[in-house]
Amino acid sequence: MALWEKRKSFLILGALVLFHLLLISVQIPLGGEKKLFGRAVFFVFSPVQRTAVSAFRGLRSVWTNYFDLRRVREDNQNLKHELFFLEQEKRALEDRLSQFRAEADVRENLAAFRKSLIPARVIGTDAVNYFRSVIIDRGSLAGVKPDMAVCDRYGNLVGRTITPVSYDEAMVQLITDPESSVSVVSETDKVVGILSGKRDALCTLKYILATVQTGKEGEGLITTGFDRIYPAGLHVGRIMSIKPTATVFKEITVLPYFSYATLDIVAVLPAVSGGTR
Amino acid sequence: MRETVLRDAVRAALATLASFAFYSLLGAARPSTLIVLNAFSLVVVTFSVGRSEVFGAVLGSVCGLVQDSFSLGVFGVAGLTKTLLGFWTGYVSRRIDVASFFRNAVFLLVMSALELILWGLLNTLVLKEPIDFRHGLMLLQPFVTALLGSLILYLARKVRARRA
């Protein structure tokens with residue numbers, strides 16, 4: 001009791017430090033899902049983020065809409081909204097034209113695709129681990145579940161939803177995260193590999209043997225669908241450089257098509273069984 | 001005693017909410033600012049100066065865990081570093097004179113720099129990878145935190161003096 005009175009603050013500090021060390025240690029080895037406690041904090045605080053960002057955007061929108069070219073701004077917003085869906089449809093159309101012969105089939109599938117598409121906005125970014133994750137303003141109430149592919153407004157792959165997914169918010173793991181893996185194939189030479197992040201705005205194409213002669217700089221990459229998370233045919237990025245290494249694999253750097261700095265509206269794609277989009 | 005603890009708890013909760021709202025607004029307005037300004041660290045040092053070390057530790061702990069839960073990093077690392085930041089900021093600031101703007105800025109710079117170093121070491125230790133300091137931009141964090149923190153405290157002191 002006397003020790004508690006004398007050293008109260010240091011004992012509390014010790015308890016807190018021990019608590020955090022335990023939290024860190026239960027996550028090793030890394031790679032698992034967020035722990036229950038982490039998810040609980042996310043659930044509690046994500047509505048605060050949503051409210052703060054909505055208020056900020058609302059105020060900004062009031063300012064720009066009412067004081068600065070009101071009608072033009074509104075028209076532009078509507079056109080952007082329409083363009084968003086058209087871009088997604090265009091990408092889907094390109095894929096499906098090669099799969100369906102009857103026009104009716106194409107129309108029917110496109111209508112279903114548009115209906116199931118979940119538009120969302122980015123409301124948060126990772127404060128310390130840049131290019132790894134973002135928070136979007138759609139959650140389980142809108143039908144978002146973990147492992148759904150996320151594309152930018154032009155239909156380029158951004159990442160996938162991961163836990164935690166709260167009622168109105170979800171976390172998205174970006175393809176630039178070193179922990180992410182996407183099965184991709186080069187558009188021309190059909191080189192298949194695994195795409196991961198490089199801890200910056202770039203990605204790396206892994207497991208391409210040094211003996212493979214195909215694949216060249218500037219070539220585009222699309223998803224294969226083999227990973228059963230990302231639908232096939234999504235545009236991912238283009239090869240920036242190919243370098244030989246001392247290992248059996250080449251060092252291939254890929255520039256993703258999506259831009260982290262301008263990431264705003266995204267599309268969450270409905271879960272598919274893989275292979276087709 | 002109980003009243004003080006309760007008041008401190010309410011203050012810590014409000015400060016956490018303030019830091020989180022601030023972080024959200026920064027992210028919504030310009031995500032790149034998050035590289036040079038850690039809203040959670042700013043709130044922890046600003047609110048811990050002159051208060052009890054326990055208040056600083058609890059506030060740091062909560063703010064750190066909130067930051068961790070919205071990040072794909074190791075859950076608990078920011079919690080641990082901010083707990084220590086809050087504790088020692090509260091502890092030292094009550095034992096030395098940090099009243100003037102300059103002294104306060106230097107003090108906060110040292111504390112923020114120590115937090116960044118500890119965070120870097122812990123991350124390197126756990127992830128076994130070098131920290132990406134975003135071409136050195138992240139090293140500006142302690143300077144920005146110190147400058148803004150001392151400015152907020154200076155203004156708060158002025159307002160309080162005018163009211164009195």
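**Ground rules.** I count two strands as paired if DSSP finds at least two bridges between them. Helices (H or I, at least four residues) and strands (E, at least two) are DSSP runs, numbered from the N terminus. I keep in mind that this is a predicted model, where local features need pLDDT of at least 70, side-chain atom pairs count only at pLDDT 80 or more, and totals for chains, interfaces and linings use all residues. Residues are numbered from 1 along each chain as its sequence is written, and chains are lettered from A and ligands numbered from 1 in the order in which they are written.

I started at β9(A), residues 220-223, which pairs with β6(A), residues 182-186, in the antiparallel sense over three bridges. Opposite Leu221(A) of β9(A) I found Ser186(A). β9(A) also pairs with β10(A), residues 235-243, antiparallel and over three bridges. There, Gly220(A) has Arg238(A) as its bridge partner.

**Entry 2, chain A overall.** I noted five helices and twelve strands in chain A. Of its 277 residues, 35% are buried. For contacts, I use C-beta atoms, placed from the backbone, that lie within 7 Å. Among contacts in chain A with a separation of 6 or more, 58% join residues 24 or more positions apart.

Chain A divides into domain 1 (36-175 + 261-268) and domain 2 (182-256); the bounds come from an automatic or database domain assignment. Their C-alpha centres lie 25 Å apart. Domain 1 gives eleven residues to the contact and domain 2 gives 15. On the domain 1 side, β3(A) (149-152) and β4(A) (157-165) are the elements that give two or more residues.

How many residues of chain A are in contact with chain B? I read 40, against 39 residues of chain B. The elements of chain A giving two or more residues are α2 (8-25), α3 (36-67), β1 (118-125) and β2 (133-136). The largest share, ten residues, comes from α3(A).

Notes:
Buried ≥ 20, exposed ≤ 12 C-beta atoms within 10 Å, placed from the backbone.
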